[in-house]
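Subject: Handover of a structure and its findings

Dear colleague,

Please find below the structure that I am passing on to you.

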Amino acid sequence: QNPYGLTSSIPLESSLQEVNLADELSPDVKINSMAITSASPGSRFKFNYEVENLGDLGARTHFNAFYLSEDAILDESDTFIGRDRVGSLEAGITRTESARIRLPGSLNEGDYYLLAQADYRNHLNESDETNNLTVQQITLTPPPKPDLTINSISANSATLGSVLDFSYEIENQGDLRATSHY
């Protein structure tokens, strides 16, 4: 009875109803592409990648992880090389993110796979957890180095025990600035 003195009755049915939890709203984050094809062991590099929320609910802040692998399968033998924090992402939105990663200097040059795992800590209850891995082939190239060559040298004649004055022209034909060491 309510405060107005009115009463009502609601018939109750004793039937069970099946609920399909898959029909509930949820996010689904996926990395579509990565814009990097080469890097050098021991280097720090920045690259862009595209992340999308395919779900029907916004995704809260989460982390994507990056691994270097000798094959296209994520497993315990792969080298974790970094992670990137992704802010909230509304349903149906695609956004370009950028990550800064440092490769271990102990890696050998050659072809590898860069594996990107969306929501790698599983903080999001996604509608599809099977699409979280994106793979791209990457080539590790030698790091840039200086390559110093002497183009010319000239000297005056000198006698034994005297100071020899000479001049030379040096050129760096390498890909990296040479620091002064003498």
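The notes below set out what was found.

This is a predicted model, in which local features need pLDDT of at least 70 and side-chain atom pairs count only at pLDDT 80 or more, while totals for chains, interfaces and linings use all residues. Residues are numbered from 1 along each chain as its sequence is written, and side-chain values use heavy atoms, with hydrogens and water left out.

Let us begin with the overall fold. The protein has zero helices and 10 strands; helices (H or I, at least four residues) and strands (E, at least two) are DSSP runs, numbered from the N terminus. Of its 182 residues, 29% count as buried. Buried means under 20% relative accessible area, exposed means over 50%, and partly exposed lies in between (1.4 Å probe, protein chains only).

Five of the strands form an open sheet with mixed pairing, in the order β2-β8-β7-β4-β5. Its edge strands are β2 (38–39) and β5 (79–86), each of which pairs on one side only. Two strands are said to pair if DSSP finds at least two bridges between them. Strand β2 runs parallel to β8 (residues 133–140), and two bridges join them. Within β8, T139 is the bridge partner of S38.

The loop between β4 (62–69) and β5 contains S77. This residue counts as exposed because its relative accessibility is 56%. S77 and Y67 are 10 residues apart in sequence and 10.0 Å apart in space, C-alpha to C-alpha.

Next come the charged residues. Side chains of opposite charge can pair when their charged atoms come close. The structure holds one salt bridge, a term for a side-chain nitrogen of Lys or Arg within 4 Å of a carboxyl oxygen of Asp or Glu. Which side chains meet in the salt bridge? They are those of R95 and E97, at 2.7 Å from N to O. R95 is partly exposed, at 28% relative accessibility, whereas E97 is buried, with a relative accessible area of 13%.

Finally, R44, K46, R100 and R102 form a positive surface patch. Such a patch is made of residues with over 30% relative accessible area and no salt bridge, with like charges joined within 9 Å; Lys and Arg count as positive. Strands β3 (44–53) and β6 (94–102) each supply at least two residues of this patch, and K46 has its place in β3.

Yours sincerely

Key
Patch = residues over 30% accessible without salt bridge, like charges linked within 9 Å, V, L, I, M, F, W, Y side chains within 5 Å. Areas by Shrake-Rupley, 256 points an atom, 1.4 Å probe, with all protein chains shown as cover. Charge placed at Lys NZ, Arg CZ, Asp CG, Glu CD.
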